[in-house]
Amino acid sequence: MASLALSGSSLFNPHKTLHSAPQTSSSIRCNNASESLKCKDNGKPITVGRDYSDQAASYPSFLTTPKQLLNSIPVQQKSDTRLRIFSGTANPSLSQEIACYMGLELGKIKIKRFADGEIYVQLQESVRGCDVYLVQPTCPPANENLMELLIMIDACRRASAKNITAVIPYFGYARADRKTQGRESIAAKLVANLITEAGADRVLACDLHSGQSMGYFDIPVDHVHGQPVILDYLASKMISSDDLVVVSPDVGGVARARAFAKKLSDAPLAIVDKRRQGHNVAEVMNLIGDVRGKVAVMVDDMIDTAGTIAKGAALLHQEGAREVYACSTHAVFSPPAIERLSSGLFQEVIITNTIPVAEQNYFPQLTILSVANLLGETIWRVHDDCAGGFEPYSSLGID
């Protein structure tokens, strides 16, 4: 029987020992969150207790192994004093990983809240004539993080930055992208207007809820897909392609699941048909496709309250699925998501770090993969005016 074969990816599982992780994990990144990162010559990252060779490359982790990355692929060090990366307070650990991969230091920025909740932002270094990248997902608390991003953009614009790119790993308002009932707002368009009017010249987003959200922006949008990182990890588990079936948790995600299945040796596809009675309330009706005796991989762009994916997993078990995996780029994890995901329905819940997961929300089945190298490579390519669709970077998934 044929089996899946892709390369390694970066991952973190808070409940699994080191030997259970694939041997082809992430490369240029901090070994521990508590380790301080120093960069030398604006291009060579150094971590405490470890110094990398001068041949350190800048390839994404899922395209090469760490040994190849550090020793076997000589490439010219990237160094550009016009490139600045600043982090908001929403996901500083991801921002640090991105800077670490790129061999740069995060820009110095002061962000504080006044007693009444107002946000104050001041850049602590000059960005005049620079290409500035602001890393800030609009994850919960969505409104505060969005406002912080807008003020950061305004600060850079008033500091005479040449180009300002809003790097939004998770675009929180993308679900409100159309009118399904009368007198509804289209918040995705409103937020796109706010980001544009604040002064952003470009947006870099990861796995938008729907493709049409890109059209709401009047500025260029680089849409990065997190699928390669998840596919890479699934391939390391060596599940037989004859036993695998990809499942869409609803009809709206069929296109996403079909593309995912095609990358997994063209695996068969199943669809969970559900009827939504209200926001964050889902009712599973029936299953389209055969999952009996197979390993079911449920694919979605985000997990919020986990109602849809949990009820779908229960239906798959009823229909005879041997194991159920849940794969999602964005882990919103609104209550009671943790209880539903850790109830034993899933063999493993695979997510990425576009949204930070609080330590109290860890559970044994949870595996967190890093998209830092993917976003870091995309930033380099945007900065260098390079396309993301030619070999050997076609698997970057950049629209």
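**View 1. Surroundings of Phe260 in the predicted model**. Leaving aside neighbours within four places in sequence, Phe260 is in contact (heavy atoms within 4.5 Å) with Gln227, Ile230, Leu231, Leu234, Val246, Val297 and Val299. This is a predicted model, in which local features need pLDDT of at least 70 and side-chain atom pairs count only at pLDDT 80 or more, whereas totals for chains, interfaces and linings use all residues. Residues are numbered from 1 along each chain as its sequence is written, and side-chain values use heavy atoms, with hydrogens and water left out.

**View 2. The largest nonpolar core**. A nonpolar core is a set of buried Ala, Val, Leu, Ile, Met, Phe, Trp, Tyr and Cys residues joined through side-chain atoms within 4.5 Å, where buried means under 20% relative accessible area (1.4 Å probe, protein chains only). Among the 39 residues of the largest such core, Ile98, Met102 and Phe260 touch the most other members. Another core, of 34 residues, lies apart from it and includes Ala155, Val191, Ile195 and Ile219.

**View 3. The open five-stranded sheet**. With parallel pairing (at least two DSSP bridges between two strands), the strands follow the order β5-β8-β9-β10-β11. Because β5 (83-87) and β11 (221-224) stand at the edges, each with a single partner strand, one side of each is left without a neighbour in the sheet.

**View 4. Pairing of β10 with β11**. Strand β10 (residues 202-206) pairs with β11 in the parallel sense over four bridges, and Ala205 has His223 of β11 as its bridge partner.

How values were computed. Buried < 20%, exposed > 50% of the residue type's maximum accessible area, 1.4 Å probe, protein only.
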